[in-house]
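Please have a look at the sequence and the model first.

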Amino acid sequence: MGVMKEFNRDSLGFIERVHRDYGDIVWSRFLYVPALFLYHPNEIEYVLATNAKNFVKAMTLRSNFFQRLVGNGLLTSEGEEWKRQRRLTSPAFHRHRIANYADTMVNYTRRMTATWQDGETRDAHQDMMRLTLEIVVRCLFSADVSNDVDHVGETLKQLVKPFASQATLKWILNNRLPTPQHLQFNRQVKKIDEVVYRIITERRAHADDAGDLLSMMLKARDEDGSQMSDQQLRDEVMTLFLAGHETTALTLAWTWFLLGSNPDAEKKFHAELDEVIGEHEPTFEDLPRLKFTEQIVKESMRLYPPAYGLGREAINDCEIGGYPVPAGTQVFVFQWVTQRDPRFFDEPQAFKPERWTEEFEARLPRYAYFPFGGGPRACVGASFAMMEMILVLATIGQRFRLELVRDHPVAVYPAMSLRPKDGVKVTVRQKIR
Ligand code: HEM
């Protein structure tokens with residue numbers, strides 16, 4: 001079994017223990033598959049950036065299950081195909097283009113909080129999940145006002161459920177079997193496919209730029225003039241749904257938890273909002289002045305990185321930190337451990353947004369902090385996500401304080417991404433003006 005059992009029983013405890021007991025470079029094995037755990041920024045940089053061309057995504061990402069959902073989208077494709085897709089998709093995420101989405105982000109947040117009552121108890125994790133899904137669906141399909149779009153959101157919620165269960169691995173391994181769950185999964189993917197393809201066909205018929213992510217991807221031309229096929233567009237749309245909402249929602253949920261547990265930081269957060277936003281609706285132009293809110297988000301992703309580990313597979317034999325690494329080795333790096341390493345962060349377990357000064361960032365080894373990954377496969381949506389998280393926090397925080405419900409334990413649950421086990425229960429307090 002190698003370390004399979006220990007890893008499955010308590011993945012976070014296991015990867016911490018291994019680092020403590022064996023150091024920065026650790027050999028291991030899952031069943032018959034050799035695995036290497038790397039904890040030091042130098043080696044992390046080597047795998048993700050400097051020698052990235054010798055690595056593909058780890059085998060865990062190559063399951064049928066994943067394939068059926070996101071096909072050959074950016075997250076999963078490799079080689080020339082990935083390069084072309086990245087070239088075609090990146091422009092849609094440039095800073096000046098994503099500015100258009102700021103209003104959507106604020107409006108949807110406002111719509112969510114419109115029904116909030118002073119004193120009511122809510123689950124901030126669930127609220128943030130719903131919100132970020134609506135936002136990413138709208139940013140992709142802003143021009144489509146049909147119910148179809150809401151329908152996509154609803155179906156997606158059902159679809160990603162299997163990821164939530166501890167049994168993910170089993171689910172993935174068994175996904176060729178025609179069990180009721182798998183049949184239902186296939187039916188739901190088909191339903192979304194139909195809607196997405198219909199929207200693509202309609203958009204192709206009307207060539208005008210709707211300003212949303214889909215039109216940008218539809219318009220994008222490669223150097224040789226070629227464009228994305230319907231299938232590629234579909235795969236990218238599904239990838240953006242999947243990659244673009246849970247990670248953001250989790251950071252927001254963890255941030256509410258951290259603010260609720262750190263009264264000084266929370267006070268400073270509200271003081272910044274009062275000063276910068278006051279009574280007006282938050283806008284894109286406010287972002288550069290929401291400095292402390294940005295520091296909060298960075299610190300939140302340090303302590304609770306939604307992507308708490310990344311995996312790669314070596315294509316050819318290579319050498320890492322002086323050790324020979326044969327082709328086929330699965331290499332893992334863990335934001336969860338390295339971002340709490342006392343060699344790089346003083347009081348590593350403490351929530352200290354103030355640490356994120358320009359001088360500190362300039363001093364920090366590049367791969368001591370990598371919530372968005374790094375190198376060529378770094379998150380394409382990082383600026384989009386930062387903008388979204390800051391605007392959502394500002395829009396909610398402008399009118400409300402979220403007080404943690406006492407006696408509701410918040411524990412980490414490492415599923416596909418790092419979730420709060422039983423949500424983040426909060427009492428909503430309307431701010432008095
Ligand atoms: C807090 C929010 C987010 C976090 C922490 C996050 C994290 C990451 C990480 C760590 C990777 C690299 C995976 C690897 O190297 O194996 C990644 C890739 C990716 N992310 Fe994000 N992400 C976030 C938000 C978003 C958003 C909002 C979008 C899109 C709307 C997005 C789209 C993608 C895509 C398409 C990739 C694949 C890029 C490629 O391989 O070329 N992400 N993300």
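This is a predicted model: local features need pLDDT of at least 70, side-chain atom pairs count only at pLDDT 80 or more; totals for chains, interfaces and linings use all residues.

Let me begin with Phe-7, which is partly exposed, at a relative accessible area of 22%; here buried means under 20% relative accessible area, exposed over 50% and partly exposed in between, with a 1.4 Å probe and protein chains only. Residues are numbered from 1 along each chain as its sequence is written, and side-chain values use heavy atoms, with hydrogens and water left out.

The structure holds 23 aromatic pairs, where rings of Phe, Tyr and Trp (its six-membered ring) pair if their centres lie within 6.5 Å, and planes under 30 degrees apart count as stacked, over 60 as edge-to-face and the rest as tilted. One of them joins Phe-7 and Phe-30, edge-to-face, with 5.2 Å centre to centre and 80° between the planes. Phe-30, for its part, is buried, with a relative accessible area of 13%.

Now to Phe-37 and Phe-334, whose ring centres are 5.6 Å apart with planes at 65°, so this pair is edge-to-face. Phe-37 is buried at a relative accessible area of 1%, and Phe-334 also counts as buried, at 4% relative accessibility.

Finally, ring pairs link Phe-7, Phe-14, Phe-30, Phe-37, Tyr-39, Phe-332 and Phe-334 into a cluster.
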